[in-house]
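Biologist: I have a new structure open and would like a quick tour. Can you walk me through it?

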Amino acid sequence: MPLAKKLLALLLLTALYRVALCAFHKIGDSAGWTTIGNVNYNKWVSTKNFHVGDIIIFKYNNQFHNLKQVTHQDFQSCNATSSMAVYTTGSDSITLKRPGHYYFLCGFPGHCQAGQKVAIVVNPAKSLRSSTGGVSVSPSPAPYGSSPSAASSPIVPHPPKSSAPSLSSLMLIRSTLVSFGALLVAGFAY
């Protein structure tokens, strides 16, 4: 195989590997983004590790809820009036593009006070561990309430549900890319 093709294949494999490392997190799991059922988002987020490149998905009824990204201070006081970003589709997929603290709440009156808010700590991207070839995971997120980093700009959302792929579609694409990458690696052996 000519060198140019090998380099192109290696670049493609690297991109596929990064896609395979990302995780999808549906906020609140099966309950979604809601005030019904007393979902404890602090408890939910404490069982997760978020990394740059991961995708968080907020599913909700947009007639009764919305999603606002706010500062740490506005998160603490449930102030939704000066949000950094507003999402209203009912199916918002957001790629976590940089490490730091991110704060989200529902802007409908009383919802944040009822617990419909979540603070997420995003760690650096996962990477290869050179000595073992395994995946190295960055340190655990800082505990809730620890000093926040400045997450001054909003996270860029994916397109609304009408044009965005579903979570199951994304998982299928991911597994297909991983399989393709494995075939590509096998091709290097010959």
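Modeller: Let's start with surface area. Accessible areas come from the Shrake-Rupley method with a 1.4 Å probe. By that method the protein exposes about 10700 Å². Carbon and sulfur atoms supply 62% of that area. Keep in mind that this is a predicted model.

Biologist: How much of the protein is buried?

Modeller: Of its 190 residues, 37% count as buried. Buried means under 20% relative accessible area.

Biologist: And how many helices and strands are there?

Modeller: There are four helices and 10 strands. From the N terminus the elements run α-β-α-β-β-β-α-β-β-β-β-β-β-α.

Biologist: What share of the contacts links residues 24 or more positions apart?

Modeller: Take the contacts with a separation of 6 or more. Residues 24 or more positions apart account for 74% of them.

Biologist: Now the sheets. What is the strand order in the open sheet?

Modeller: The order is E2-E8-E7-E4-E5, five strands with mixed pairing. E2 and E5 are the edge strands, and each pairs on one side only.

Biologist: What holds paired strands together in general?

Modeller: Strands of a sheet pair through backbone hydrogen bonds, either parallel or antiparallel.

Biologist: So are E2 and E8 parallel or antiparallel?

Modeller: E2 and E8 are parallel, with two bridges. Phenylalanine 50 stands opposite valine 122 of E8.

Biologist: What about E6? Which strand does it pair with over five bridges?

Modeller: E6 pairs with strand E3, residues 55-59, in the antiparallel sense. For instance, isoleucine 55 has threonine 95 in E6 as its bridge partner.

Biologist: How many residues of E6 are buried?

Modeller: E6 covers residues 91-95, and five of its five residues are buried. Ser91, Ser93 and Thr95 sit on one side. Asp92 and Ile94 sit on the other. Both faces are covered.

Biologist: Switching topic. How many disulfides does a search of the whole structure find?

Modeller: The search finds one disulfide. Cysteine 78 and cysteine 112 form it, with their sulfur atoms 2.1 Å apart. The pair links distant parts of the chain, 34 residues apart. Cysteine 78 is in the loop between H3 and E5, while cysteine 112 is in the loop between E7 and E8.

Biologist: Remind me what a disulfide is.

Modeller: A disulfide is a covalent bond between the sulfur atoms of two cysteines.

Biologist: Is the link of cysteine 78 and cysteine 112 left-handed or right-handed?

Modeller: Left-handed, with -70 degrees about the S-S bond.

Biologist: Are those two cysteines buried or exposed?

Modeller: Both cysteine 78 and cysteine 112 are buried. Cysteine 78 counts as buried because its relative accessibility is 17%, and the cut-off is under 20%. Cysteine 78 also has a positive phi of about 55 degrees, although it is not a glycine.

Biologist: On to charges. How many salt bridges does the search find?

Modeller: It finds one salt bridge in the whole structure. The side chains of aspartate 29 and lysine 48 meet there, at 3.9 Å from N to O. Aspartate 29 is in the loop between E1 and H2, and lysine 48 is in the loop between H2 and E2, so the pair ties together parts that are 19 residues apart in sequence.

Biologist: What else can you say about aspartate 29?

Modeller: Aspartate 29 is partly exposed, with a relative accessible area of 37%. Its phi is near 50 degrees, a positive value in a residue other than glycine.

Biologist: One last residue. Where is aspartate 74?

Modeller: Aspartate 74 lies in helix H3, residues 72-77. Aspartate 74 is buried yet has no salt bridge.

Biologist: How far is the nearest side chain of opposite charge?

Modeller: That is lysine 68, and it is 9.9 Å away. A salt bridge needs the nitrogen within 4 Å of a carboxyl oxygen.

Biologist: Which residues does aspartate 74 contact, leaving aside neighbours within four places in sequence?

Modeller: Aspartate 74 is in contact with Asn79, Ser82 and Leu105.

Notes. Residues are numbered from 1 along each chain as its sequence is written. This is a predicted model: local features need pLDDT of at least 70, side-chain atom pairs count only at pLDDT 80 or more; totals for chains, interfaces and linings use all residues. Side-chain values use heavy atoms; hydrogens and water are left out. Buried means under 20% relative accessible area, exposed over 50%, partly exposed in between (1.4 Å probe, protein chains only). Lys and Arg count as positive and Asp and Glu as negative; His and the chain ends are not counted. Contact means heavy atoms within 4.5 Å. Two strands pair if DSSP finds at least two bridges between them. A disulfide is a pair of cysteine sulfur atoms within 2.5 Å.
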